[in-house]
Amino acid sequence: KFKIIGKNNDGIIVRLYGTEDVINVFSDDLSLLASRTIDFKNKDGLLQYVMLNKTGAVIFYLQQDKKYSVLFAQPVNSKFIEIGKPLSIDTIYDRRDLIEQNLRFKASVDQNYLFIYYPFFAANRVQTVRYICLDRALAKLYNKNIPFDRDEAELETSRSLVDNYGSSYLILKKDSKEEFETFDVYRVGADGNAAFYSLNTPKKIFNEPYFEVDNKNNQLLLCSFYNDDARKEEVANGFIYSTFNPETGALVSGVTAPFPKTFINELTGREVKDKGNLYTFNIKKAMLRNDGGAMILAESFIKDTRETVSALGAQPGFNTYHSTSLYQFNDVIGFSFNPKGELEWNAIMRKKQVSEEDNGAYSSFFIVNQKDKIRLVYLDDASSSGSLNEYILNSDGKNERNVILNQEDKDLLLLPKIGKQISPDAVVMPSFKNGDLRLIKITY
């Protein structure tokens, strides 16, 4: 496995992990500057998290016993060699396998705060969750257990957020038979004070909602597609755009609106007489605008199964069948809302990606944020014969498609959606073909 962690003054940092952890540091021209196997004396298992500094980093890891684990933070230099002794962050009393599986990390947008949380289970329920927040100097803003008493399945689909002030959030969907949805928010402020409140949507939602913290306007954003009658069929009929006070959950603004008929007509190629229906689109990203509005991107996704006869039986009905998982990542649609939640424009970006038995690893897209525009980078065919393309989506909704490179010419098989933007005008993207990992850099 591998992950592009990011870039600092030392270079581009890439983690390779499996049976061991290796950190590679690359220059801007992707020359290898340093490689280090991380094997601290008291480290058990793989690294938990890597926090980059301007130079060097802090590596979080566990030292484990049967009944408890100690979370350490180890500062390292530009070559990932230890600087001084590790700092003990917390001791967690639980089974080591549960801690390895459930310890989570979430960084704020400005990377100045790190939210660490861990759930404690009993009888298939989450009894409490430990909230820890550190600043960049590894000073603790708080370390406290928050009562939950929720079904563990609810935590699996929860959302975690931390704002640029050090306040952290876990958002859980509440089971409801009402004509709306309820999301429970467990918040710990930067001062360590805990709060609980619920957010209600005006209608039932379709697929998963998207939550984000608006740090500039100090608001909590919820956006989703809604379903007018979820009891009849799973379909999206329009969008919900709401903002809330992050401290109290009070509604600041909220808009519920159907999809414009002209948009549905263009997307489907059919004239809509009543209301528009979307069946396969999922919200992938909500991007905050400087004026307090937001842009939403959604992608069409279908997972299907195809059965073929792999061996004929001696008698009818005794054939052997083989099942193949099919993954389709198709068109991307965009909506932009002003600060009042009113729709300003919508956009359609066509693509069709079909693959088999790969979990869609080479499909979907990567977003390059250049403030006045974004770029959606993707493969036009999820195979080595495909080209790397992009849609340039401007702030007024106008878009155009470009071809970046042909993979066959460079012997690549890129994974766009796990690329990393390392500056306003540069992206690093991995290629994994025939067991060979390579990196490319795209500069705009």
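This is a predicted model: local features need pLDDT of at least 70, side-chain atom pairs count only at pLDDT 80 or more; totals for chains, interfaces and linings use all residues.
Colleague: Which residues of helix H3 are buried?

Modeller: Helix H3 covers residues 261-268, and its buried residues are Phe-263, Ile-264 and Leu-267.

Colleague: Which residues other than glycine have a positive phi?

Modeller: Asn-207 is one of them, with a phi near 60 degrees. Asn-359 is another, at about 60 degrees.

Colleague: Where are these two asparagines found?

Modeller: Asn-207 is in strand E17, residues 204-214. Asn-359 is in the loop between strand E25 (353-356) and strand E26 (366-369).

Colleague: Why is Asn-207 called partly exposed?

Modeller: Its relative accessibility is 31%. Buried requires under 20% and exposed over 50%, with partly exposed in between, so Asn-207 counts as partly exposed.

Colleague: And why is Asn-359 called exposed?

Modeller: The relative accessibility of Asn-359 is 56%. The cut-off for exposed is over 50%, so Asn-359 counts as exposed.

Colleague: What about Asn-330: buried or exposed?

Modeller: Asn-330, in strand E23 (residues 320-337), has 12% relative accessibility and therefore counts as buried. The limit for that word is under 20%.

Colleague: Which residues are in contact with Asn-330, leaving aside neighbours within four places in sequence?

Modeller: Asn-330 is in contact with Glu-299, Ser-300, Lys-351, Lys-352 and Gln-353, once neighbours within four places in sequence are left aside.

Colleague: Why is Ala-347 called buried?

Modeller: Ala-347 has a relative accessible area of 4%. Buried means under 20%, so the word applies to Ala-347. This alanine lies in strand E24, residues 343-349.

Colleague: What does Ala-347 touch, not counting residues up to four places away in sequence?

Modeller: Ala-347 touches Phe-263, Val-332, Ile-333, Gly-334, Leu-393, Gly-397 and Asn-399. Phe-263 is one of the buried residues of H3. Leu-393 is 46 residues from Ala-347 in sequence, and their C-alpha atoms are 8.4 Å apart.

Colleague: Ser-27 is found in a loop. Why is Ser-27 called buried?

Modeller: The relative accessible area of Ser-27 is 13%, and the limit is under 20%, so Ser-27 is buried. The loop in question runs between strand E3 (21-26) and strand E4 (32-38). Leaving aside neighbours within four places in sequence, Ser-27 is in contact with Ile-12 and Leu-33. From Ser-27 to Ile-38, eleven residues along the chain, the C-alpha separation is 20 Å.

Colleague: What makes Val-129 count as buried?

Modeller: Val-129 is at 1% relative accessibility, against a limit of under 20%, so Val-129 counts as buried. This valine is in strand E11, residues 125-135. Leaving aside neighbours within four places in sequence, its contacts include Tyr-117, Tyr-118, Pro-119 and Leu-170. Ile-442 is 313 residues from Val-129 in sequence and 41 Å away, C-alpha to C-alpha.

Colleague: How many helices and strands does the protein chain have?

Modeller: The protein chain has four helices and 32 strands.

Colleague: How do you know how compact the protein chain is?

Modeller: The radius of gyration is 24 Å, close to the 22 Å that the globule rule gives for 444 residues, so the protein chain is as compact as a globular protein of that length. Along the principal axes, the C-alpha atoms fill a box of roughly 70 × 60 × 55 Å.

Colleague: What else describes the protein chain as a whole?

Modeller: Buried residues make up 50% of the 444 residues. Among contacts with a separation of 6 or more, 44% come from residues 24 or more positions apart. The protein chain exposes about 21,700 Å², and carbon and sulfur atoms supply 46% of it. There are 56 positive and 59 negative charges, with mean positions 2 Å apart.

Note on methods:
Residues are numbered from 1 along each chain as its sequence is written. Side-chain values use heavy atoms; hydrogens and water are left out. Buried means under 20% relative accessible area, exposed over 50%, partly exposed in between (1.4 Å probe, protein chains only). The radius of gyration is taken over C-alpha atoms; the globule rule is 2.2 Å times the number of residues to the power 0.38. Contact means heavy atoms within 4.5 Å. Accessible areas come from the Shrake-Rupley method with a 1.4 Å probe; for residues, only the protein chains shown count as cover. Lys and Arg count as positive and Asp and Glu as negative; His and the chain ends are not counted. The place of a charge is taken as NZ of Lys, CZ of Arg, CG of Asp or CD of Glu.
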